[in-house]
Structure formats: structure tokens, C-alpha cells
Amino acid sequence: MKDYHINIFYSDEDEGYIADIPDLKYCSALGSTIEEAVREVLNAKAAWLEAAKTEGKPIPPPRYRPAIYQTAS
């Protein structure tokens, strides 16, 4: 089974790492380390999916995949 793609980037403004899941609108988390941000966004994902289920809202399938560019060495 495919899982949701997670973006991770450092935010100078927030002074921490932001992790978000593009397929799940507004699903993001902040952490002081990459590992903490990922752990927190996985908790947010679980809460997001549970809330959608409880409210009878559709759960989007994992589909977002960023383009990866490679250059010749």
C-alpha cells in the first residue's frame, strides 16, 4: 500500500522544521528536529484521518509525488 508523501523543510520564521502532507489539506506539524517534525506529522495524520472518518468525509488516496530531477555528473 502506498503512503502519503511528507515534505520537510526548515523555517527560519518558526525556528524549526515543518513537516506537511500535501494530500491532506492543512495537515502539518513543527519540530525542533527533522525526526520530531516527522513524528508529530504522523500523529497529525492519524488525527486527520480519524476526524474525517468520524465526520463521514472522504479520505483522499495517496497521490502527491514531487518531481525529482537528476543531473548527469
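Residues are classed by relative accessible area: buried means under 20%, exposed over 50%, and partly exposed in between, with a 1.4 Å probe and protein chains only. The structure is a predicted model, in which local features need pLDDT of at least 70 and side-chain atom pairs count only at pLDDT 80 or more, while totals for chains, interfaces and linings use all residues. Residues are numbered from 1 along each chain as its sequence is written, and side-chain values use heavy atoms, with hydrogens and water left out.

The protein chain holds one helix and three strands. Helices (H or I, at least four residues) and strands (E, at least two) are DSSP runs, numbered from the N terminus. Along the sequence the pattern is β-β-β-α. Of the 73 residues in the protein chain, 22% are buried. Contact is defined as heavy atoms within 4.5 Å. Among contacts with a separation of 6 or more, 31% come from residues 24 or more positions apart.

Strand pairing was assigned where DSSP finds at least two bridges between two strands. Strand β1 covers residues 7–11 and strand β2 covers residues 16–20. The two pair in the antiparallel sense, over five bridges. In this pairing, S11 stands opposite G16 of β2. β1 and β2 form a hairpin, with four residues between them. Strand β3 spans residues 28–31. Four bridges join β3 to β2, and these strands run antiparallel. Here D20 stands opposite S28 of β3. In a regular strand the side chains alternate between the two faces of the sheet.

Most residues other than glycine have a negative phi, and most peptide bonds are trans. E15 lies in the loop between β1 and β2. Its phi is near 55°, a positive value in a residue other than glycine. E15 counts as exposed because its relative accessibility is 65%. Y26 lies in the loop between β2 and β3. The phi of Y26 is near 65°, again positive in a residue other than glycine. Y26 is exposed too, since its relative accessible area is 74%.

Y10 is partly exposed, as its relative accessible area is 43%. Y17 also counts as partly exposed, at 24% relative accessibility.

Helix α1 runs through residues 34–55. The buried residues of α1 are A37, V41, K45 and A52. These residues lie on the same side of α1, because they cover an arc of only 85° around the axis. The arc is that of the directions from the helix axis to the C-beta atoms. An α-helix has 3.6 residues a turn, so residues three or four places apart point the same way. The buried residues of α1 pack against β2 and β3. On the other side of α1, E35, K53 and T54 are exposed.

K45 lies within α1. This lysine is buried because its relative accessible area is 14%. Its side chain makes a polar contact with the side chain of D3, at 3.1 Å. A polar contact is a pair of N or O atoms within 3.5 Å; within protein, one must be able to donate a hydrogen and the other to accept it, and residues adjacent in sequence count only if both atoms are side-chain atoms. Leaving aside neighbours within four places in sequence, K45 is in contact with D3, Y4, I21, L24 and C27.

L49 also belongs to helix α1. Not counting residues up to four places away in sequence, L49 touches Y4, L24 and I59. The C-alpha atoms of L49 and C27 are separated by 10.0 Å, with the two residues 22 apart along the chain.
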